[in-house]
Amino acid sequence: MQAWEHAENEKGLSLLEFLQLSARDLFGSEVKLPAGFTGRPSLVVIAFRRQHQSLVDEWIAWGETAADQFPEMRSYELPVIATRWSPARGLIDGGMAQAVRDPEVRRRTLTVYTDVRRVTDALDIHRTDTVTAMLVDESGRVRARVTGPADPSAIEDLLGQLAHDPPSAAGAGPAEVETFSFEFDHQFRRLLALAGITPGTAHLTLAPTRLAIRFGPWSCETPIANVTETCVTGPYRWYRAIGPRGSFADLGVTFGTSTKGGVCVLLREPVRGLLPVGVVRHPGITVTVAEPERFVASLRRRAGLD
């Protein structure tokens, strides 16, 4: 058997789940991720800047030499490009395609136009000034990852992580990082979009030790240990729920996209939210998350509230 199938969970590591993304290859075909990763495993090299191509090429070259160890491995380049460049996607992707003659390279290059923070939050990536290489299994779990060039120490680190991870997602426990979308009421979409709040720029991320909320230009983060209670609330009146709002009564902050309902999160120590400086801090956060029950259950489990 190959090393991939022999891996054992000696360190009891939890696994990241690769987030759901819509990508396109350089032939213009849409690819849904992570389902579109067909390797066992898939080497996925994520880049955020055009000048990272040489680093990407180094990782892809290593992937091609690893066939003895991983005969079913497939390699993918994943340029992540900010949403504001979406109107120029045809021009940008077309330029890439013209520079690439090899059909296989065109198929494995998958461009993603989205809120960059959505990707970095969900995959717990802390640097965008270099590339991140990941090994993703057939179930969509990230089995190993490193940030930086494909030097010998990075490759050793990548394979070392793999050797201590479970061989499949079965029994692996909950994903280390979970992402949640906001519920958008149709009648408020245009109004919210004027403030830069769209389904592509509004999301929540639960990481092992923190909750991160991205709401268009606004953001709010808190350690999971800071959460004292959370519950499903609503429905709401539109003038109290839509958009970023602060309460004069209790100083709570609302990030709202729907009147149907949401989740209230109470905090031990107030956090920043509406303002980038600490003039106003909020002891509670209300978010109109699309899956409120699942979000509450996961947050309560992580915070030890059950």
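This is a predicted model: local features need pLDDT of at least 70, side-chain atom pairs count only at pLDDT 80 or more; totals for chains, interfaces and linings use all residues.
The six-stranded sheet is open and mixed in its pairing, with the strand order S1-S8-S7-S4-S5-S6. Its edges are strand S1 (16-17) and strand S6 (112-114); each has a single partner strand, so one side of each is left without a neighbour in the sheet. Glu 17 has Arg 141 of S8 as its bridge partner.

Strand S4 (residues 42-47) is largely enclosed by the rest of the structure, because six of its six residues are buried. In a regular strand, side chains alternate between the two faces of the sheet. Ser 42, Val 44 and Ile 46 point one way from S4, while Leu 43, Val 45 and Ala 47 point the other way. Both sets are buried.

S4 has partners in both senses. Six bridges link S4 to strand S5 (residues 74-82) in the parallel sense. Within this pair, Val 44 is bridged to Tyr 76 of S5. The chain passes from S4 to S5 through helix H2 (residues 53-65), and this β-α-β crossover is right-handed. Five bridges link S4 to strand S7 (residues 132-136), here in the antiparallel sense. Val 44 stands opposite Met 134 of S7.

Two helices that lie across strands of this sheet are H3 and H6. Helix H3 (residues 89-99) lies across S5 and S6, and runs at about 155 degrees to S6. H6 lies across S7 and S8, and runs at about 155 degrees to S8. Helix H6 (residues 152-162) has Ala 154, Ile 155, Leu 158 and Leu 162 buried. Viewed down the axis of H6, the buried residues fall within an arc of 100 degrees, so they line one face of the helix. The face turned away from this buried side carries Pro 152 and Glu 156, both exposed.

The five-stranded sheet is also open, with mixed pairing and the order S13-S16-S17-S15-S14. Strand S13 (227-233) and strand S14 (243-246) are its edge strands, each pairing on one side only. From one strand to the next, the twist averages 15 degrees. Strand S15 (residues 253-256) and strand S17 (residues 282-287) run parallel and are joined by three bridges. Thr 254 stands opposite Thr 286 of S17. Helix H9 (residues 292-303) lies across S13, strand S16 (262-271) and S17. H9 runs at about 165 degrees to S13.

The largest nonpolar core has 28 residues. Phe 182, Leu 204, Ile 213, Phe 255, Ile 285, Val 287 and Phe 295 touch the most other members. Two or more residues each come from strand S10 (202-206), strand S11 (210-215), S15, S16, S17 and H9. S16 gives the largest share, four residues. Beyond its neighbours within four places in sequence, Ile 285 is in contact with Ile 213, Cys 220, Val 253, Phe 255, Val 263, Cys 264, Val 265, Leu 267 and Val 271. Another core, of 25 residues, lies apart from the largest one and includes Ile 46, Leu 110, Met 134 and Val 177. Ile 46 is one of the buried residues of S4.

Conventions: Residues are numbered from 1 along each chain as its sequence is written. Side-chain values use heavy atoms; hydrogens and water are left out. Two strands pair if DSSP finds at least two bridges between them. Axes are lines fitted to C-alpha atoms, for helices over the stretch in contact, and angles run from 0 to 180 degrees between N-to-C directions. Contact means heavy atoms within 4.5 Å. Buried means under 20% relative accessible area, exposed over 50%, partly exposed in between (1.4 Å probe, protein chains only). A crossover is right-handed if, with the strands pointing away from the viewer, the path from the first strand over the helix to the second runs clockwise. The arc is that of the directions from the helix axis to the C-beta atoms. A nonpolar core is a set of buried Ala, Val, Leu, Ile, Met, Phe, Trp, Tyr and Cys residues joined through side-chain atoms within 4.5 Å.
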